[in-house]
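Subject: Structure handover

Hello,

Here is the structure for your files. My notes follow below it.

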Amino acid sequence: MEKVREKKYSTLDKLEIGTKAKIAQIDIDKYRNFFDFGITNGVNIQALINSPYGGIRGYFIKGTVIAIRDEDAKKIKIEYLY
């Protein structure tokens, strides 16, 4: 019998550098701006770099790197990929 893995959820701001996840839900008023950059439910995303001054991180999504403020990343729910 195959063991079923329990899904593990968190928010994008907690994704460690180099780790990949799938976007599960976006709870941001200005969602349209993220949609324009390809940030939608079900898309894979990877944390790449922290800003040297903090408050912003770089994420790899759909072949490009996008900077997202930590305050917005806290409103994006992710599902960890194994």
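Buried means under 20% relative accessible area, exposed over 50%, and partly exposed in between (1.4 Å probe, protein chains only). Ile 39 has 0% relative accessibility, so Ile 39 counts as buried. Lys 62 counts as exposed because its relative accessibility is 60%.

This is a predicted model: local features need pLDDT of at least 70, side-chain atom pairs count only at pLDDT 80 or more, and totals for chains, interfaces and linings use all residues. Residues are numbered from 1 along each chain as its sequence is written, and side-chain values use heavy atoms, with hydrogens and water left out.

Loops next. Helices (H or I, at least four residues) and strands (E, at least two) are DSSP runs, numbered from the N terminus. Ile 39 lies in the loop between α1 (31-36) and β3 (44-50). Lys 62 is in the loop between β4 (56-61) and β5 (64-69). Lys 62 is not a glycine, yet has a positive phi of about 50°.

Now the strands. Two strands pair if DSSP finds at least two bridges between them. β2 (residues 20-26) and β3 run antiparallel, joined by 3 bridges. β3 and β4 are also antiparallel, with 4 bridges. Gln 46 in β3 stands opposite Lys 20, and its bridge partner in β4 is Phe 60. The β3 and β4 hairpin has 5 residues between the strands, and Gly 54 there takes a positive phi near 80°.

Best wishes
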